[in-house]
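Hello,

Here is the structure I said I would pass on. My notes on what turned up in it follow below.

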Amino acid sequence: MVFYECLMTAKNTTHYNALTSLMKEISLKIVQNGGIVRSIQNHGIRQLPHRFKAKYADREGNRYYEKGRFVSVFYDANPNV
């Protein structure tokens, strides 16, 4: 098995429950395909390298984001997973 790190970014306005359910779903897919999730790290809200534009505006009307929430998943899996 090969060790992988998957870094994901989400909007800084993403609710904690939505982020938690996404991490559980990703972890479940890895485990169902024979992988092992080593850890999940929440790096918090950080500055993005440049301004991003969302496809749709959020509840507050924001469409451009300069900050994002960073989360890493570390896992072992076969390359085909």
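A search of the whole structure, which is a predicted model, turns up one salt bridge. The partners are Arg38 and Asp76, and their closest N and O atoms lie 2.5 Å apart. Arg38 belongs to strand S2 and Asp76 to strand S3, so the pair links distant parts of the chain, 38 residues apart. Asp76 is buried, at a relative accessible area of 11%, because buried is taken as under 20%.

Asp58 is another acidic residue to look at. Asp58 sits in the loop between strand S2 (36-53) and strand S3 (64-77). Asp58 is buried yet takes part in no salt bridge. What the side chain of Asp58 does reach is the backbone nitrogen of Asn62, at 2.7 Å. Leaving aside residues up to four places away in sequence, Asp58 touches Thr13 and Tyr65.

Then there is the nonpolar side of things. The largest nonpolar core has eight residues: Met8, Leu19, Met23, Ile30, Val71, Val73, Tyr75 and Ala77. Helix H1 (16-32) and S3 are the elements that give two or more residues to this core, and S3 supplies the largest share, four residues. Leu19, one of the core residues, touches Ala10, Thr14, Arg69 and Val71, again not counting residues up to four places away in sequence.

Regards

Methods
Residues numbered from 1 in each chain as written. Predicted model: local features only at pLDDT ≥ 70, side-chain atom pairs only at ≥ 80, totals over all residues. Heavy atoms only, no water. Buried < 20%, exposed > 50% of the residue type's maximum accessible area, 1.4 Å probe, protein only. Salt bridge = Lys/Arg side-chain N within 4 Å of Asp/Glu carboxyl O. Polar contact = N/O pair within 3.5 Å; in protein donor to acceptor, adjacent residues only side chain to side chain. Contact = heavy atoms within 4.5 Å. Core = buried A, V, L, I, M, F, W, Y, C linked by side-chain atoms within 4.5 Å.
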